[in-house]
Amino acid sequence: MRRLIPTGVTSRPVEFAQDTQPAPAPDEVLIKIEAFSPNRGETFLLEAPEPGLMPGKDVAGLVVQAAADGSGPPAGSRVVGHPPMGGWAEYAAVPTHSIAVLPDALATVQAAALPLAGITALRLLRTVGAVTGRRVLLTGASGGVGHYLTEFAAAARAEVTAVTATAERGARLRELGAAAAVTVSGPFRLYWDALPPPVQDLLIQRAGGEETARRFAGQVDLSTLAPQITCPLLVVDGGQDVIPGVTNGEPLARLAPHGHYLYLPHGDHLLGNARPDWLAAAADWISGALA
Ligand SMILES: NC(=O)c1ccc[n+]([C@@H]2O[C@H](COP(=O)([O-])OP(=O)(O)OC[C@H]3O[C@@H](n4cnc5c(N)ncnc54)[C@H](OP(=O)(O)O)[C@@H]3O)[C@@H](O)[C@H]2O)c1
């Protein structure tokens, strides 16, 4: 069978290699992998791989061999799995305590993105305790864990406030149930030709090429999205955060039906120099918005 193994080469961190099909332990099923998802925790490891590293913790597919000890689902079951390693392959042996049978409504590809980030969010929520009727503030909410946590907390009828760098990155969170949003130092619109060369270079690097970067910049325009943001929205901008080709957040606050604008003339990029001046104000605003 084929397996993706680390190369240690930054520009091409994994490559296909032939490997023998894993022999499952008595409490493991053998899964024919149909989808897996890369996790940042694993891609970090690929930068300087330990000998024998076999990535792959988030998988979904079909059980082709049931566990010998009788635990877990029978062959033919469609499952999601969370093996300790080795899931970026055509087959993986996964302990039966780390798999779940998939309902028909859930596609295999979506299921493969569930395990590690989903479990992290679930455990975070359990650590916090019951959130029903409570107000929950999430930083880093636009990330993988944050999306799950927003959905779980909203489903538990908590009032969720999601903090994201840009309104665009928070759009899906509002769909998932966030009750209010705060954006800090995010662009409303980008004009590629006016951006300074270092910013263009950064975008080209992140996008993987100039054409893609130009297209991306052309799509950063929240004028259509802004009127659709119906939850209370606080936009925080710094007066020193001035980059040619970047329109800051004021029009976003103006166009959103429940938008509010907090402008700090001395605030620089991401307002890290002015936290005492806006963080407490944002917390007060959130309390007011949710009251
Ligand atoms: N994913 C997993 O399976 C997993 C498992 C265990 C632990 N964790 C930990 O859980 C945390 C979140 O993981 P993740 O996978 O959700 O990461 P992620 O997808 O990279 O998201 C992290 C979010 O944090 C925000 N952020 C980045 N720098 C920030 C800063 N300086 N201040 C405030 N917010 C900042 C970013 O949102 P904005 O751009 O909107 O600010 C980003 O979307 C990480 O510490 C990770 O190590 C993750």
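Hi everyone. A residue counts as near a molecule or strand if its C-beta atom, placed from the backbone, lies within 6 Å of it. With that in hand, let's look at the ligand. There are 16 residues around it, and the closest are Gly140, Ser142, Gly143, Val145 and Ala165. Helices α1 (40-47), α3 (115-128) and α4 (144-155) each give two or more residues to this shell; helices here are DSSP runs (H or I, at least four residues), numbered from the N terminus.

Before going on, a word about the model. It is predicted, so local features need pLDDT of at least 70 and side-chain atom pairs count only at pLDDT 80 or more, while totals for chains, interfaces and linings use all residues. Residue numbers start from 1 along each chain as its sequence is written.

What classes of residue make up the shell around the ligand? Four are nonpolar, 10 polar and two charged. Ala, Val, Leu, Ile, Met, Phe, Trp, Tyr, Cys and Pro count as nonpolar, Asp, Glu, Lys and Arg as charged, and the others, Gly among them, as polar.

Now the domains. The protein chain is assigned domain 1 (2-112) and domain 2 (117-188 + 223-290), with bounds from an automatic or database domain assignment. Their C-alpha centres lie 35 Å apart, and the shell around the ligand draws at least three residues from each of them.

Next, helix pairs. Axes are lines fitted to C-alpha atoms, for helices over the stretch in contact, and angles run from 0 to 180 degrees between N-to-C directions. Under 35 degrees is roughly parallel, over 145 roughly antiparallel, 65 to 115 roughly perpendicular, and the rest oblique.

Let's start with α3 and α4, which pack at about 50° with axes 8 Å apart. That angle is why we call these two helices oblique to each other. Among the residues making the contact are Leu122 and Leu125 of α3 and Val145 and Phe152 of α4; residues are in contact if their C-beta atoms, placed from the backbone, lie within 7 Å. By class, this contact has 10 nonpolar, three polar and no charged residues.

On to α4 and helix α5 (residues 167-176). Their angle is about 20°, and their axes are 9 Å apart. So α4 is roughly parallel to α5. On the α4 side the contact uses His147, Thr150, Glu151 and Ala154, and on the α5 side Arg172, Leu173 and Leu176. Those residues divide into three nonpolar, two polar and two charged.

Last pair: how do helix α6 (residues 197-207) and helix α7 (residues 210-219) pack? They meet at about 110°, with axes 8 Å apart, so they are roughly perpendicular to each other. Leu203, Ile204 and Ala207 of α6 touch Glu210, Thr212, Ala213, Phe216 and Ala217 of α7. Here the count is six nonpolar, one polar and one charged.

How values were computed
Contact = placed C-beta atoms within 7 Å.
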